Amino acid sequence: MKKKIKTERKHILKIVLPIVFASTLLLSGCTSAKYKESMETGNTALQAGKYDEAITAFSTAVQEEPKDEEAAKKLEEATKKLEEEKRKQKEKKEREEIKAFLNAMKDIEKQADAVGDKWDKLRESANKDKVSYKGFSTTLIKEILPKSIELADAVSKISAPNEETKAVHELLINSLEKRTLGLTEAAAALDKRDVSKVTNANKLFTEARKFNREYKAKMESLIKKYNL
């Protein structure tokens, strides 16, 4: 009886073991095939600079073979390269925004300098009695003051891309606003023949020049920094 049971057990083992072994090989073969395919896809994508696709493929490979060091290293490499690419894209975008900002500021600065020169020449002509009271008043009220208001409004609408450029932006805004207020006071002084307004105007012009000097110094530094 015992001999019969042993014989039956041996017979069962002969049948079961090959099936289990075959199933194990089958499962192992499927896993290896998917892992291999994922690694190949990942490497191809990595070489092509398609880091998102590489990360997806290597992630699949890691899931298939969690203990495989190569898959883990490739996933880490693709992740780092994607982060580096994004960093460079961000820097490029910021640089382009800063360049556009500086160019816009330089354009307004050029126009503002022209207005300032015109105002200085007008005052110089008045001091030398080369321009009439009416001519002085007309040039100030109809030409210089409107242009100054226009530029002060234009610079306020420019967007500074970061804190560094915001500081420069504020300086030019302050300079043009002070100058415009000074010109307004000068125009009022002419209209009302009020000497006190002339004093106020000169004070505002002094403040405007101070802001303008600070602006030009910081602007020059930014232009050198970004090689513009």
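Trainee: Is arginine 193 buried or exposed?

Mentor: Arginine 193 is exposed, because its relative accessible area is 63%. Buried means under 20% relative accessible area, exposed over 50%, and partly exposed in between, with a 1.4 Å probe and protein chains only. Keep in mind that this is a predicted model, where local features need pLDDT of at least 70, side-chain atom pairs count only at pLDDT 80 or more, and totals for chains, interfaces and linings use all residues. Residues are numbered from 1 along each chain as its sequence is written, and side-chain values use heavy atoms, with hydrogens and water left out.

Trainee: Where does arginine 193 sit, and what is it in contact with?

Mentor: Arginine 193 is in the loop between H5 and H6. Helices here are DSSP runs of H or I with at least four residues, numbered from the N terminus. Leaving aside neighbours within four places in sequence, arginine 193 is in contact (heavy atoms within 4.5 Å) with Tyr133 and Ala188.

Trainee: And threonine 139, buried or exposed?

Mentor: Threonine 139 counts as buried because its relative accessible area is 17%. Threonine 139 belongs to helix H4, residues 133-156. A polar atom of its side chain lies 2.9 Å from the backbone oxygen of glycine 135. Not counting residues up to four places away in sequence, threonine 139 touches Lys118, Leu122 and Ile144.

Trainee: Switching topic: which element has the lowest mean pLDDT?

Mentor: Helix H1 (residues 2-47) has the lowest, at 63, while H4 has the highest, at 96. pLDDT is the predictor's confidence in each residue, from 0 to 100. The protein chain averages 88, and 86% of the residues score at least 70.

Trainee: Where does pLDDT stay under 50?

Mentor: Over residues 15-30, and for that stretch the model has 1 contact beyond four places in sequence.

Trainee: How many residues are in the largest nonpolar core?

Mentor: That core has 33 residues, and those with the most contacts inside it are Met105, Trp119, Leu140, Val155 and Leu176. Helix H3 (69-127), H4, helix H5 (163-192) and helix H6 (195-225) each give two or more residues to this core. A nonpolar core is a set of buried Ala, Val, Leu, Ile, Met, Phe, Trp, Tyr and Cys residues joined through side-chain atoms within 4.5 Å.

Trainee: What does valine 155 touch?

Mentor: Met105, Ile108, His169, Leu172, Ile173 and Leu176, not counting residues up to four places away in sequence.

How values were computed: Polar contact = N/O pair within 3.5 Å; in protein donor to acceptor, adjacent residues only side chain to side chain.
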